Amino acid sequence: MTSFGKMDLSIIDYQALASKDAQSTRTPLSLKERSRLYSALKDTGFAYLKHPRINQATIDCLFGHTKKFFAKPLEEKIKIKGELEKGRGPSQGYSNPAKLAQDPKTSDLKEFFGMYYDEDTEKPNQWLEDEGSKAMRKDLVAFFESCHIVILELLSALAEEVGLPPEALHPYVAEKNHFIACLHYPGTKADAFQFRTRAAAHTDYGCLTLLFNDSKEGLQVMTRNGTYEYVPRIDDCAVLNVGDLTSRFFNGILPSTVHRVVQPPSTSTDPNAEIPSRYSLAFFGHYNLSTLVKPLDALVSESSPAKFEPIEAGEHVKARVRQLHVAGHSLRENSGSVVQSQPNSVVSASA
Ligand SMILES: O=C(O)CCC(=O)C(=O)O
Ligand SMILES: [Fe+2]
């Protein structure tokens with residue numbers, strides 16, 4: 001197996017970033033952390049976010065719920081199978097690309113449970129009815145609310161860094177159009193990774209993503225020179241990354257970076273070796289569907305013209321979801337331009 005290095009991402013302290021003094025003024029420490037956030041995201045599109053209102057005990061408890069959920073028989077889980085006509089999209093409820101996608105031979109080696117804002121009564125989430133699922137719902141709803149507050153704080157920091165008022169981007173996430181994916185990458189033989197990945201190379205398509213992993217690794221981020229590096233999990237930290245639409249708002253200054261999930265490092269490549277399962281929890285912050293996303297005026301000038309045409313957030317997300325659900329695996333924007341032919345990339349998987 002090709003050996004990959006580790007990515008040296010900045011660790012941003014969320015509590016410092018969010019802090020204010022007794023007069024509700026930003027402390028020097030907060031201002032420093034806010035500008036560190038901006039430069040980290042500008043460099044790589046990724047950063048670690050330490051203590052983001054959500055502690056390790058909460059994450060462990062959520063993993064407890066999702067482990068129980070995924071351990072249920074497939075017949076039970078597909079009672080809430082994600083389907084377009086059942087709600088807001090094909091991933092609201094249970095999805096299993098590895099078994100149920102149109103092309104299960106190249107699809108991601110994963111299954112997941114997805115939910116939107118739980119108070120959406122028009123297109124409600126799908127839940128199983130047992131006691132465990134009720135507890136999972138309650139805790140995921142609380143997690144959703146905490147992540148929403150974190151997204152507001154991060155957006156205010158990014159807005160201020162480019163000279164805008166802190167609330168400038170807040171109206172665009174007011175509808176809480178966010179999406180949570182509880183992910184399970186089942187244990188498998190190493191052989192399975194020969195032509196497939198746990199999550200094929202992709203960018204996230206929305207606002208900002210907060211990702212919480214268990215101790216099993218395998219997340220890789222593409223560097224500027226096109227190679228991949230591992231992003232190991234760090235205790236009490238979420239992995240934060242920029243989605244396509246925030247990248248467009250910031251005229252490409254903040255990149256929406258390609259990433260993927262491959263065979264964990266330091267596991268055997270013997271085709272018969274058992275590779276342990278992995279769980280992760282992704283909060284995909286999203287803009288309201290009707291938000292018109294175009295490079296912020298503050299970042300556009302004669303010397304640095306707009307790099308993107310305006311696009312409606314909902315249209316962009318819909319187009320990406322369509323790509324994803326035909327193939328059953330993640331595809332980056334303009335997927336034809338994934339030029340690497342790394343052993344585990346989407347290119348070799350589908351060639
Ligand atoms: O599970 C992970 O570590 C990353 C998953 C991911 O990138 C995604 O679902 O968008
Ligand atoms: Fe992702």
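Which residue in strand 12 is the bridge partner of Leu 208? In this predicted model, the bridge partner of Leu 208 in strand 12 is Val 242. Strands of a sheet pair through backbone hydrogen bonds, either parallel or antiparallel.

Strand 9 also pairs with strand 15, again in the antiparallel sense, over five bridges. In this pairing Thr 209 stands opposite Phe 284, and the bridge partner of Leu 211 is Ala 282. Strand 9 is mostly covered, with six of its six residues buried. One side of the strand carries Leu 208, Leu 210 and Phe 212, the other carries Thr 209, Leu 211 and Asn 213, and both faces are covered.

Ligand 1 is surrounded by Ala 181, Leu 183, Ala 199, Asp 204, Leu 211, Asn 213, Leu 219, His 259, Val 261, Ser 280 and Ala 282. By type, the shell residues divide into seven nonpolar, three polar and one charged.

A separate description applies to an open sheet of five strands, which has the order 1-11-10-13-8 and mixed pairing. Its edge strands are strand 1 (5–6) and strand 8 (199–202), each of which pairs on one side only. Strand 1 pairs with strand 11 (residues 228–230) in the parallel sense, over two bridges. In this pairing, Tyr 230 of strand 11 is the bridge partner of Lys 6.

Among the helices, helix 3 (residues 56–70) has 15 residues and reaches 21 Å from its first C-alpha to its last, close to the 21 Å expected at 1.5 Å a residue. Its buried residues include Leu 62, His 65, Thr 66 and Phe 69. Seen down the axis of helix 3, the buried residues fall within an arc of 95°, so they line one face of the helix. An α-helix has 3.6 residues a turn, so residues three or four places apart point the same way. The exposed residues Gln 56, Ala 57 and Asp 60 are carried on the face of helix 3 turned away from its buried side. The buried residues of helix 3 pack against strand 5 (111–115), helix 6 (131–161), strand 6 and strand 15.

Helix 6 has 31 residues and spans 46 Å from its first C-alpha to its last, close to the 45 Å expected at 1.5 Å a residue. Its buried residues include Met 136, Leu 140, Phe 143, Cys 147, Val 150, Ile 151, Leu 154 and Leu 155. Also buried in helix 6 are Ser 156, Ala 157, Leu 158 and Ala 159. Just after helix 6, Gly 163 takes a positive phi of about 85°.

Helix 7 (residues 244–249) holds Thr 246 and also Leu 245. Thr 246 counts as buried because 26 C-beta neighbours lie inside 10 Å. Not counting residues up to four places away in sequence, Thr 246 touches Cys 207, Leu 208 and Leu 254. The C-alpha atoms of Thr 246 and Pro 310 are separated by 12 Å, and the two residues are 64 residues apart along the chain. Leu 245 is buried too, with 25 other C-beta atoms within 10 Å. Leaving aside neighbours within four places in sequence, Leu 245 is in contact with Tyr 205, Gly 206, Cys 207, Tyr 287, Val 293, Ala 313 and His 316. Leu 245 and Val 317 are 72 residues apart in sequence and 9.1 Å apart in space, C-alpha to C-alpha.

Terms used: Residues are numbered from 1 along each chain as its sequence is written. Chains are lettered from A and ligands numbered from 1 in the order in which they are written. This is a predicted model: local features need pLDDT of at least 70, side-chain atom pairs count only at pLDDT 80 or more; totals for chains, interfaces and linings use all residues. A residue is near a molecule or strand if its C-beta atom, placed from the backbone, lies within 6 Å of it. Ala, Val, Leu, Ile, Met, Phe, Trp, Tyr, Cys and Pro count as nonpolar, Asp, Glu, Lys and Arg as charged, and the others, Gly among them, as polar. Helices (H or I, at least four residues) and strands (E, at least two) are DSSP runs, numbered from the N terminus. The expected span of a helix is 1.5 Å times one less than its number of residues. A residue is buried if 20 or more other C-beta atoms lie within 10 Å of its own, exposed if 12 or fewer, and partly exposed in between; C-beta atoms are placed from the backbone. The arc is that of the directions from the helix axis to the C-beta atoms. Two residues are in contact if their C-beta atoms, placed from the backbone, lie within 7 Å. Two strands pair if DSSP finds at least two bridges between them.
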